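These are my notebook entries on a few places that I looked up in one structure.

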Amino acid sequence: MTQFVDWDLAAATAGALGKSGPRVTYDEAAAVVADLRRLTDEAAGHVAAYTGLTSRVDHPPVRVVDRRDWAQVNIEGLRTVIAPLIGKLTGDRAPNPIADAIGSRVTAVQAGGVLAYLSGRVLGQYEVFSGEHGRLLLVAPNIVEVERKLGADPRDFRLWVALHEVTHRTQFTAVPWMRGYFLEQVQAFVDASQSGEEPLAERLRRAVGTLSDAVRDPESRSSVLDLVQTPAQKEVLDRLTALMTLLEGHAEFVMDGVGPEVIPSVETIRARFNRRREAGNPLEKAVRRLLGVDVKMRQYAEGRKFVHGAVERLGMAGFNKIFESPATLPRVDELGDPDAWVRRVGLQAGEGVGGQGGSEGPGTDATSESGPASRPDGD
């Protein structure tokens with residue numbers, strides 16, 4: 001079967017190109033790992049109480065990783081998902097062995113470079129492709145580096161990050177259909193690529209290759225997604241965009257809702273973090289735009305505004321009905337109009353109001369469970 005990416009080479013490239021972490025002693029590193037694990041457990045209690053969503057699976061402990069490990073985990077996840085899809089699209093036809101070998105290595109170096117760039121910026125991630133339910137990752141070097149640059153209280157900043165990532169884990173493990181729905185949409189996105197004239201593998205290789213163009217031309221407005229989409233894929237992408245904007249906004253809403261109660265310096269952290277997120281030299285901004293990181297930044301703001309509006313109208317328990325089924329998820333055109341979503345799903349203002357946690361919404365012990373998400377620091 002054709003190999004779109006030489007995954008081993010991609011991992012080696014990501015490890016070689018990734019920037020080094022902040023200077024810490026062995027004892028300091030061990031203390032950071034222990035602290036992140038403890039704060040993740042603390043965050044889980046806060047998230048469950050605030051949202052009314054209860055995980056329906058016994059999840060493994062958070063995995064605290066360095067930058068190289070983060071890249072390796074993501075390569076393993078991508079390899080698990082992409083390899084079967086490429087095989088399906090190519091019909092397992094044997095390619096020209098020389099062309100395939102060269103192409104897979106070129107793509108590996110390009111993909112490894114992308115992961116090296118991201119590995120120095122991602123603070124945490126719920127990696128949805130791994131295992132039966134996914135796994136939660138916290139990137140210790142990045143968390144320590146950012147908290148130092150922000151001058152933030154370490155305990156407060158680490159708990160703040162943990163609240164966001166634990167909310168994502170809760171979404172995927174408290175809403176029974178969420179992970180399957182997300183993976184189905186990824187499958188549909190790839191399947192829709194068959195409607196184009198150019199093979200998917202070639203379009204993906206061309207898309208990854210445009211990263212070098214962005215480096216040479218910081219004014220470029222292209223993105224990887226713009227280069228790989230067919231018209232059919234745009235329909236699927238609308239559903240994925242709506243889902244990911246909801247999940248990102250929900251996580252932001254929760255961390256901002258819980259934060260003032262348990263993180264004394266949360267207002268300072270948020271203000272400094274947002275300023276840092278918006279900063280960056282023109283080259284970094286171009287790469288972020290090409291990789292879709294800027295899209296994620298907008299998802300944070302747009303999604304938080306939607307969730308705030310929906311909770312304001314319905315209360316938390318009423319809002320949690322958004323997780324009843326894929327049909328109750330917001331559509332792209334509803335993200336800026338919570339009232340339109342409320343009308344479409346047949347809810348009424350004030351329905352389900354009963355405190356922040358609620359007690360009968362999907363994801364509580366009475367009913368349900370909830371995409372891959374990562375929090376870049378915007379550096």
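Entry 1. In this predicted model, I looked up how strand E2 (residues 122–127) is joined to E3, and I found four bridges, with the two strands running antiparallel. Within this pairing I noted that Tyr 126 stands opposite Leu 136 in E3.

Entry 2. I then looked up strand E1 (residues 63–65), which pairs with E3 in the parallel sense over three bridges. For Arg 63, I recorded Leu 137 as the bridge partner in E3.

Entry 3. I asked how many residues of strand E3 (residues 135–139) are buried. Four of the five are buried, so the strand is largely enclosed by the rest of the structure.

Entry 4. I next looked up Thr 173, which is part of helix H6 (residues 154–174).

Entry 5. I located Trp 177 in the loop between H6 and helix H7 (178–192). Trp 177 has 18% relative accessibility and therefore counts as buried. A polar atom of the Trp 177 side chain lies 3.0 Å from the backbone oxygen of Phe 323. I also looked up Ser 325, which is 148 residues from Trp 177 along the chain; the C-alpha atoms of Trp 177 and Ser 325 are separated by 7.4 Å.

Methods. Residues numbered from 1 in each chain as written. Predicted model: local features only at pLDDT ≥ 70, side-chain atom pairs only at ≥ 80, totals over all residues. Heavy atoms only, no water. Buried < 20%, exposed > 50% of the residue type's maximum accessible area, 1.4 Å probe, protein only. Polar contact = N/O pair within 3.5 Å; in protein donor to acceptor, adjacent residues only side chain to side chain. Pairing = 2+ DSSP bridges.
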